Amino acid sequence: MNRGNQCDVLVIGSGAAGLTLALTLPAEMSVTVLSKGELANGSTYWAQGGVAAVLDSSDTVDMHVADTLDAGGGLCREEAVRFTVEHSREAIQWLIDQGVPFTREKQADLSDGGFEFHLTREGGHSHRRIIHAADATGAAIFSTLLEHARQRPNIELLQNRVAVDVITEPKLGLPGNRCVGAYVLDRDTGEVDTFRARFVVLATGGAAKVYLYTSNPDGACGDGIAMAWRAGCRVGNLEFNQFHPTCLYHPQAKSFLVTEALRGEGALLKLPSGERFMPRFDPRAELAPRDIVARAIDHEMKRLGIDCVYLDISHKPADFITTHFPTVYERCLAFGIDITTQPIPVVPAAHYTCGGVMIDQHGRTDVPGLYAIGETSFTGLHGANRMASNSLLECFVYARSAAEDIASQAASVRYPLELPPWDASQVTDSDEDVIIAHNWDELRRFMWDYVGIVRTTKRLTRAHHRVELLLREIDEFYSNYRVSRDLIELRNLALVAELMIRSAMTRKESRGLHYTLDYPDMQPEAVDTILVPPTYVG
């Protein structure tokens, strides 16, 4: 279906959050969902672990809330945590109703109210509450939701579309502050199209690609955060970037994350000598929150001068391993590692952006008509450290809430007036793409070295100087040359890097994922880091 570049709701991003919102909206609303590349290229598809929710009779909302608050280092917003957890069961039921093939419990006794699906446990959780589809939960959820979206006549799915910027009334010199659409690069034609919409939803994922080593796919460039900031939206807590402790360490294994569920089922972290080390860092050992595990691995690697540590589950029965972790087993075997008999070489990698665009419980940003959901957003759920498997839950809960809010306003919001086309009259084709490649590499390298797992004021200051120079170079390039996906992503990533660095320099303490040698102690009062753009209306 092609309705032109006009729709009721424009969803930028085709992952769990974007598809959930599209499917929850009323059938009479026209929805266009944009994907930067192929539809399956986002983070959702690669998520292994599962979705945290209160599903077992021995678990409670209060217990899940308490675990999340504890993992969040005192910085979670309790109302956001409670809102998310209280809506967890209905979100999971919605997924089950869509037909997501979650792994079932082989010997479930349903006569006494037992739960028919297998639940696992991950770091920071006091109960088994992670519902999953083997170790490929993201792929199962994404494939199911995508199939439903393809069958809906009101939903249009467009691939190879890269949003350049959202369009707001102030940018057009109009009264008001509403978001009315977006400029979008069609990668197949090289042209920038104008999309007109009554509501625009940013569901673009996080910004982990700002780091040299990451578990994220190539598109995780902070696009939504950057576009929202330029539109006048505040951002919060961008200094908190979660590093997943266990990414497969192998020269050909690009960004392959080894699920935390392995540690939940008894896998042990070891040094090359075979010695366990996590009990020295935390009484919870391998089940400690991710920030503690990542810092412990980073410490041991630097102390011993080693390239990686090892995750060992080979003491478990082989059939248990291959049944519960078929994806990890097969992927490792392709690289010559049999996890039923050998430990897995692992290193930490940038994994999740805990901060983002500030929103309320309905996904509304500071700009009317503009919403942000999923990893792009800052809800207050994660605090200073995201607890495992809460992120997918956040996607579903807030996407459904945003969809309900949009539907409630549909009758009162008119289509915007005709929007001006993208002006490419003053730009030329670049013959200096090497500059983009060089700046991209430099940015990711100094972010890894200076704004990584362990920070200092001197490192942050150096990073800030470098990112300011890069931003000036990128702005000049952007003003003179025709846009491309690489240029758009570099521009967004550099801006989000600058916001991350500023946020980190503001926090004079160590808390959760922000650990600095100059301020190793935690301040008695937990305060969010809120940055306000010059275009903020309030």
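Predicted model: local features only at pLDDT ≥ 70, side-chain atom pairs only at ≥ 80, totals over all residues.
Two residues are in contact, or touch, when they have heavy atoms within 4.5 Å of each other. By that rule, and not counting residues up to four places away in sequence, Met447 touches Val210, Tyr211, Gly452, Ala497, Met500 and Ile501. Residues are numbered from 1 along each chain as its sequence is written, and side-chain values use heavy atoms, with hydrogens and water left out.

Met447 also turns up in the largest nonpolar core. A nonpolar core is a set of buried Ala, Val, Leu, Ile, Met, Phe, Trp, Tyr and Cys residues joined through side-chain atoms within 4.5 Å. Buried here means under 20% relative accessible area, exposed means over 50%, and partly exposed covers what is in between (1.4 Å probe, protein chains only). The largest core has 128 residues, and the members that touch the most others are Val9, Ile12, Leu21, Leu443 and Met447. Helix H15 (residues 485-506) gives this core its largest share, twelve residues. Helices (H or I, at least four residues) and strands (E, at least two) are DSSP runs, numbered from the N terminus. Another core lies apart from the largest one; this other core has 32 residues, including Phe256, Val328, Tyr329 and Val347.

With a relative accessibility of 0%, Asn492 counts as buried. Its side chain is joined to that of Asp223 by a polar contact of 2.7 Å. A polar contact is a pair of N or O atoms within 3.5 Å; within protein, one must be able to donate a hydrogen and the other to accept it, and residues adjacent in sequence count only if both atoms are side-chain atoms. Leaving out residues up to four places away in sequence, Asn492 touches Cys221, Gly222, Asp223, Ala226 and Arg230.

Arg198 is another buried residue, at 10% relative accessibility, and it sits in strand S9 (residues 192-202). The side chain of Arg198 reaches out to the backbone oxygen of Val413, at 2.6 Å. Val413 is also one of the contacts of Arg198 once neighbours within four places in sequence are set aside; the others are Cys7, Asp8, Met29, Arg178, Cys179, Ala410, Arg414, Tyr415 and Pro416.

Helix H4 (residues 78-86) and helix H12 (residues 390-409) pack at about 90°, and their axes are 9 Å apart. Axes are lines fitted to C-alpha atoms, for helices over the stretch in contact, and angles run from 0 to 180 degrees between N-to-C directions. Angles of 65 to 115 degrees count as roughly perpendicular, under 35 as roughly parallel, over 145 as roughly antiparallel and the rest as oblique, and H4 and H12 are therefore roughly perpendicular to each other. On the H4 side the meeting residues are Ala80, Phe83 and Thr84, and on the H12 side they are Leu393, Glu394, Val397, Tyr398 and Ser401. Sorted by type, the residues of this contact come out as five nonpolar, two polar and one charged. For that sorting, Ala, Val, Leu, Ile, Met, Phe, Trp, Tyr, Cys and Pro count as nonpolar, Asp, Glu, Lys and Arg as charged, and the others, Gly among them, as polar.

Most residues other than glycine have a negative phi. Asn160, however, has a positive phi, near 55°. Asn160 lies in the loop between strand S6 (155-158) and strand S7 (161-168), and at 15% relative accessibility it counts as buried. Ala285 is not a glycine either, yet its phi is positive at about 50°. Ala285 belongs to the loop between strand S12 (268-270) and helix H9 (290-304) and is buried, with a relative accessible area of 9%.Other loops are worth a look. Leu517, in the loop between H15 and strand S18 (530-531), is partly exposed at 48% relative accessibility. Its contacts, leaving aside neighbours within four places in sequence, are Val454, Arg455 and Thr456. Ala253 is placed in the loop between strand S11 (241-248) and helix H8 (261-264), and it counts as buried at 7% relative accessibility.
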